[in-house]
Structure formats: C-alpha cells, structure tokens
Amino acid sequence: MGKRILLTSVFGPFGVDDAWGRKENIMELFHNQVTKAQGMASLRVHHRSFGLDFLAANVESPVQVLDFPSRREFIRTLKREPFDIVGISFIVPNFVKAREMARLVRSLQPGAEIILGGHGAAIEGVEQLIPCDHVVKGEGIRWLRQHLGEDPDRPFVHPSIPSSDHKRVFGIPYEGKGGLLVPGVGCVNGCRFCATSHFFGKEYTSFFETGAELFWNACRIAKDLGTDDLFIMDENFFKQEARARELLALMEYHQRPLRFGLFSSAEAIESFGVENMVRLGVDFVWLGAESRRETYAKNQGRDLPALVRRLRDHGILVLASGILFLEDHTPENIQDDIDFMIELEADMTQFMMFTAMPVTALYQDLKARGLLDFDLPYEEWHGQHELNWRHPHFSSAEAQRVLGDAFRQEYDRNSSSILRLAQTALRGIVTLEEPARTDPWLAIRRDQIRAYALRFRLLMPTLRCFAHNPLERRRVAELGQAFQTVLGPMPLGSRVLSMGALALAGIQTLRTALFGDMSQPSMRLTRYRWPKEGSGLGAWLGKAVASPRKAPAGVPGS
Ligand code: B12
Ligand code: SF4
C-alpha cells in the first residue's frame, strides 16, 4: 500500500497580526501586491498551494493533501489517524507557522517522519531551526519518489486542478483562468534577486519536454475541467521557445484554440513575437519590468513602454512588476522609477520591495557585506512592509510610506485595473478586425477577446458609480463610447445583468464597511489513493470531520 503521507500547507488565518503572521501578508495575489490601493475595484482571487497536488499526483503512496487548514483543523487531522510522513510546504514568511506545525507533529505523531519543502526550505540552517527529518531544497517530485523507493524517472503526471478560486471584483464573481498547467519549474536567467530561479539552481526542470506533451496534457486538463482557459505556471514560458512554437503549431493543426495566461520576460516575449502570442491565445502576461535604473539582461536594449503598448493593442493584458529600494535608490531618485512603472501603463502594476530571499545572489551579497537584518523576524520577509536589509538611504518607516504612495499614485494616474482590462480587450478587437478577415484562426482569437469584452461591459454602471477621481470618470465615459462604437448597443438582457452587478457591488460596499474586506481561502482536503475507511466508530467520526473530496481528475488510481 505504501507509506501514508500527509502533505500540508501552513495554517491560516492569513493576513492578520498574530503570533504567526502579519496583516500585510495576505493570501491573495492581486490584493496583496498589485491592486491593493484600489479599494472595491481591487481584484480578489485565491490560489491553492499547487505544489502539494503535484507531489501527491506523482507518487504511488496514499496521500492526503491539506490546504489552508486552521491550526485547530491541523491538530484534528493529526489526531484523527496515523501518518508515516508529514510533508510541510512553506515559504520564508511562513517560517514560524511551519515550525509550529512541525512541533505539533512531533508531539502528536512522534513516529511520523517530517519533510520540509517549498521555498522556506532555502532558509539557512532550517534543519536546526525546525524539528524535521529531511529538508528538500529545490524540485520535490523526483526527491519524494526516490525517498519512497519509486522510480524517479517515470513519466510526470499532471493533475487537473483549477488555477484560481473565488474570483471577485466589487464583490461580483467574474470568470478568469480555469485550469492550471505547469510545464516545469525554475528559470535560467538568474536575476540576482529572484527566489524561484535560484531555488531551482538557476536551471529549468521541465515536466514536459515537447510541445506535443504540453498540447495533449493541456487538452486533457481543459476537458477534465470543462474550460478552454489555462494558466501556465512556468517562470518564463517563452524561454523554451521551440516548445512554445510546437504547441502553437499543434493547436492550429488540431483547431483547438485554448487560451493561456503566463509569465515571461521581455527578451523571450520579443523572440517569440507578439503576433505569435495572439495566435497562441495568450490573453495575460506577467512581465518583469523591474526598474529603469537597474537594467537586467532580459530587459537590456528593449523599449518596454512600446512592448507593453503593443501587447495591450493586441488584447493581451499585462501585469508589469517593478522593484523599489534598490541599493542606489534615494529619496531624490526613487520617484523616477515609480514614474517608469506608472508610465508603462500596464493593466496592472506590482511594486515590490527589494527583498533578499535566502539562496539568491542578492542574499549572499548583502550577507557578505553585513547588511542583512537578521533581527527582522521571517514573518516580515515578504516585501510589502519592511526591508530585510539595511538600506543606505531609507529607514523602514520611510520605505513603507514610499511603497504605499507608489500604489496610490499608480491608481490615481492610471485608474482602476479593471477599467484598463476592459480597454485592452477593446483595443485587441480593433487591432484584430482587419487581419481576422483573411485569417480564420485570428478570427477565432478576435471572437474570444470579444467574448470577454462583453463580460467587462457588464461592469460599466459599476465602474461609473465607483470611479475613483474625475480622471477615471472621464475614462469610463470614453470607454462607454468605445464599447458602443465597437460592439454596438447593449442588449436589454445585458443591461439587466449590469444593473444586477451594480446591486452586488452595493451589497459588497455595505459588507466591507461592516465587516472589513478580509477574505480567507477555504480549507481543502483531497485524498489521493487513500484506502477506504472501515465501518467502525473511529471511521465514522473521521468521515464526519474530514468531508473528504475526490482527487483531481487525471490522477491514476485516485
Ligand atoms: C501561486 C503563488 C502564490 C499564491 C498562493 C500560494 C499558496 N497557496 O501558498 C499567492 C498568490 C496567494 C501567493 C502569495 C504569496 N506569495 Co507566492 N507564489 C506563488 C507562485 C507564483 C507559484 C507557486 C507554485 O505553485 N509553483 C508551482 C509548484 C509546482 O512549485 P512549488 O510550489 O515551488 O513546489 C515545488 C518545490 O518547491 C517542491 N515543494 C514544495 N512544497 C514541498 C513540500 C514537500 C514536503 C516537498 C518534499 C517538496 C515541496 O516540490 C514542488 C515540485 O517540484 C510562486 C512563484 C513560482 N513561480 O513558483 C510564488 C512564491 C512562492 N510566493 C512568494 C511570496 C513571497 C509570496 C507572498 C509573500 C507575496 C509576496 N509578497 O510576494 C505571499 C504570501 C502569502 C502568505 N500569507 O503566505 C515567493 C516565495 C519566496 C521565498 N523565498 O519564500 C515566490 C517564490 C515568488 C517569488 N519569486 O518571490 N503566492
Ligand atoms: S527572468 Fe524572471 S523568472 Fe527568470 S530569473 Fe529573472 S526574475 Fe526570475
């Protein structure tokens, strides 16, 4: 039967000041570090701890995946049944939670082996700081298979799991990425601050070598989840350009117009080409713009504002990320980099504090120069509140003020991201109109963009009502005109729906005023190949508390 394994993320609640975490470190991507200043217009989404399901799907032993438990639920899980192995996945700011969980395992299940994995495993000396038997630094699937005496080289199994949950804006549910596709981990570029590149040894470990493997797996996942929309979780997807080209060729050959969101760097995007991205069905790209002052190899000699404009003109939503508090940022020059990011006019902008995460070249460098602040607890090492090193020109309080101000300026000058997303969709339709006349594949892509433009249009009354300042009010009016010109009059049914959306936004405003806007991800327990429970009282009690769910599709033996 194999060893009985529990794989768990750290416990919640998240984003609250308590013994184990900080209020700034919320478990949401956009609201944590992208649209956080945009109030009700902020995009709200939850993401699972995907690594756990990938590990579970790729071993032969029975596994329970526990994602986002409370501390109490974690204790209950440990008391419910014995495990041979407990694997804890954590990142650096969740160090204290991982330590507490390991302590609980030792006290409640002293016979269980504890394995630590995820980016927190890179913390120096973690094996002495957290009770454990093994620390897995880097890719975990091969390691776990080897550890369990399985063949590490057997084919990789990709589970069919959603890429995001609980998507809301103004409290209104919205559609977005349906499924997750992970072609591999790591990036060869090795930018000095980059945790993911360094954690995986500045190498790329592919789970799918060829475009064909990627294509057939993407089709299967899309079918399992009933969607054509996938998020590709790969640090720099177009870096494997031949694979991406093969994927595109197969999609066109088989007439399977899937759509993708992804991360990629400017040099890889330019090499693959924006037109090819449209053909591939890319509708969202995360691009590391970083800074005008410190140009990384991937951005050298590139006109980033022109690239962002071009992407948006082709209906591709852009999230541009920037870094504040580089070594030579001063109170006098930092505004220039804030302007650089704002003037890119991306759909979304991330500002992140220059944070030295363990294992990165930046960490080694600052440590060697005695600049790392080891007095700062790891809970604060998340890049949205405190600097984890002694900056020559900014105190922590000044850095917090500048960071908050950068987000506010971006919102004041560029308006809400949701408005920009709608603008990008319209721009895409206009650009593709002409080529779509003679190219049926591009006509399909144009129609896909039109479909999401129609959904954005339902938000028009809400955008009008919640406009942040006179500039946004003017932009909303212009957008309304543009919708009218490009898509024609709004049908009655859509008008009713759009008023419904506004009503939901009103309810959400009230709810936020009364109870705040915190949103915690739901706990999830998934059993992979878990033996059927017996019929005794213990089993009945177990069922009653665990509410087991089926393992994701695409997992053999689930
Ligand atoms: C999805 C994601 C999120 C999601 C949710 C994640 C979650 N449920 O915890 C959201 C958007 C909410 C999020 C939030 C944050 N995140 Co985040 N996030 C990611 C992202 C983009 C993908 C992770 C992923 O699923 N990868 C795919 C899987 C397959 O890979 P993996 O998780 O690394 O797992 C592999 C190995 O690490 C290993 N492994 C992992 N766990 C375990 C466990 C065991 C037992 C074993 C044996 C092996 C093992 O095996 C797996 C297969 O090889 C990564 C960047 C990236 N591209 O990886 C950042 C990343 C993990 N996040 C990071 C950070 C810092 C944060 C935030 C603090 C926000 C911020 N300021 O950046 C918050 C923290 C929220 C909180 N309170 O904890 C950093 C971590 C840095 C570090 N050194 O600790 C990363 C690396 C981004 C970065 N480049 O800096 N994040
Ligand atoms: S290109 Fe992006 S993913 Fe690659 S090393 Fe640089 S920051 Fe990291």
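Predicted model: local features only at pLDDT ≥ 70, side-chain atom pairs only at ≥ 80, totals over all residues.
**Entry 1: conventions.** I number residues from 1 along each chain as its sequence is written, and chains are lettered from A and ligands numbered from 1 in the order in which they are written.

**Entry 2: domains.** I looked up the domain assignment of the chain, and it gives domain 1 (5-157 + 523-546), domain 2 (176-414) and domain 3 (423-515); such bounds come from an automatic or database domain assignment. Taken over C-alpha atoms, the centres of domain 2 and domain 3 are 26 Å apart. Their contact, meaning heavy atoms within 4.5 Å, takes 25 residues from domain 2 and 20 residues from domain 3.

**Entry 3: the interface of domains 2 and 3.** How much area do domain 2 and domain 3 bury between them? I noted about 1,900 Å², with 50% of it on carbon and sulfur atoms, where buried area is the accessible area (1.4 Å probe) that two parts lose on being put together, summed over both. Of the area that domain 2 buries against domain 3, R259, R279 and R312 supply 30%, more than any other three residues.

I then looked for salt bridges (a side-chain nitrogen of Lys or Arg within 4 Å of a carboxyl oxygen of Asp or Glu), and the rule finds two across this interface of domain 2 and domain 3. I also looked up D313 and R427, whose side chains meet in a salt bridge at 2.9 Å, N to O.

**Entry 4: ligand 1.** Which residues come nearest to ligand 1? Of the 39 residues around it, I wrote down S49, S89, E139, E235 and H382, counting a residue as near if one of its heavy atoms lies within 4 Å of the molecule. A polar side-chain atom of S49 lies 2.7 Å from a nitrogen atom of ligand 1. For H47 a backbone N or O atom lies 3.4 Å from a nitrogen atom of ligand 1, and for G118 a backbone N or O atom lies 3.3 Å from a nitrogen atom of ligand 1.

Finally, I checked which domains take part, and the shell around ligand 1 draws at least three residues from each of domain 1 and domain 2.

Methods. Heavy atoms only, no water. Polar contact = N/O pair within 3.5 Å; in protein donor to acceptor, adjacent residues only side chain to side chain.
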